[in-house]
Amino acid sequence: MKVYLNGTFVERSHATVSVFDHGLLYGDGVFEGIRSYDGLVFKLREHVDRLFESAHTIMLKIPLSKLQLIEAVKQSLRVNRLTDAYIRLVVTRGEGDLGLDPRKCVQPTVFIIADRIELYPKQLYERGLKLITVATQRNVPEALNPQIKSLNYLNNILAKIEAVNAGFEEAIMLSHSGYVTECTGENLFLVRGRRLLTPPPYIGVLRGITRQAVMDLGNSQRLEVREDLLTRHDLFNAEEVFLTGTAAEIVPVVEIDGRVIGSGRPGPVTKRLQQAFRKLTRDSKHGVKY
Ligand code: PMP
């Protein structure tokens, strides 16, 4: 495997960064997780735009243009001869001293890992997932806005640990005021009648690229798509609940905190959206060829 590192491709064993890199010392950096399907990078421009927005907010100047970064992603896939892949695009503050001050970091570190995609078990999609609400609240946007897709994922990792400790694979995180936000690496949706609802970004959720794609699909399937404040009660009494994310795609949820959701099996709206999403990922209008 060859990894793009600061402008060149190096063997995996040589793809290393300094212990003084502030990405490592402080989680000072930004990233994207991207997927390719049949030689098309799904929503690549949207991912690169979001990376630049995250970087802008933390005042990190990415040393490549958007076009150059897109080229580098495409090249990573070609060099590794991958048609279906998971791509990790990372920009850190770079090497500095042991203090926090980002001014000491002269050159950002940029790397791209393009690897074979590790698919989630098929039964997850057939049987659906059981979730638990955890005590760790999602970051308050006023403190650390979840829109910044930063290298500091401890908030999410703490929630994941709680879920795993309780014997569950995934956690629902609530906001400071007790509203539903998202899971540790996926957005949440519920279906009730013709309505498709998901929490609004201001409550503290990442504006997921899969989330937006699913909202667009919902609109074209004549669902009433809305961002709305949601409580656990709303989730418990939904007809269907599902998660969305680049790696997981669309995952049905069949139980939350011991309450059965709907029929207890993946529902018809979720299944229709999954089919439409599969088509979308292979559509050249939504992906960049390489
Ligand atoms: N929420 C969080 C916290 C995430 O980390 C991710 C994906 N990395 C998502 C939601 C889903 O976003 P996307 O659909 O853009 O992958």
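Analyst: Helices (H or I, at least four residues) and strands (E, at least two) are DSSP runs, numbered from the N terminus. The model is predicted, so local features need pLDDT of at least 70 and side-chain atom pairs pLDDT 80 or more, while totals for chains, interfaces and linings use all residues. Residues are numbered from 1 along each chain as its sequence is written, and side-chain values use heavy atoms, without hydrogens and water.

User: Which strand gives the most to the lining of the second largest cavity?

Analyst: A cavity is a set of points on a 1 Å grid over the protein atoms alone where a 1.4 Å probe fits but cannot get out; a pocket is an open set with protein on both sides within 12 Å along at least five of seven lines, and lining residues have an atom within 4 Å of a point. The second largest cavity holds about 40 Å³ of space, and its lining includes Glu239, Val241, Pro252 and Arg265. Both β13 and β14 (249-256) supply at least two residues of this lining. The greatest contribution, three residues, comes from β14.

User: How much space lies in the largest cavity?

Analyst: Three cavities of 30 Å³ or more are present. Among the residues lining the largest cavity are Arg138, Lys149, Tyr153 and Leu206. The space in this largest cavity is about 90 Å³.

User: How much space lies in the largest pocket?

Analyst: The ligand takes up the space of the largest pocket. This pocket has a lining of 47 residues, with Tyr120, Glu170, Gly185, Glu186 and Ala247 nearest its centre. The lining comprises 19 nonpolar, 14 polar and 14 charged residues. The space in the pocket comes to about 1000 Å³.

User: Which elements give two or more residues to the shell around the ligand?

Analyst: There are 17 residues around the ligand, and Lys149, Tyr153, Glu182, Thr210 and Thr246 come nearest. Two or more residues of its shell come from each of α6 (209-220) and β13 (240-245).

Terms used: A residue is near a molecule or strand if one of its heavy atoms lies within 4 Å of it. A molecule sits in a cavity or pocket if more than half of its atoms lie within 2 Å of its grid points. Grid points are joined across faces, edges and corners, and a volume is the space filled by probe spheres set on the points. Ala, Val, Leu, Ile, Met, Phe, Trp, Tyr, Cys and Pro count as nonpolar, Asp, Glu, Lys and Arg as charged, and the others, Gly among them, as polar.
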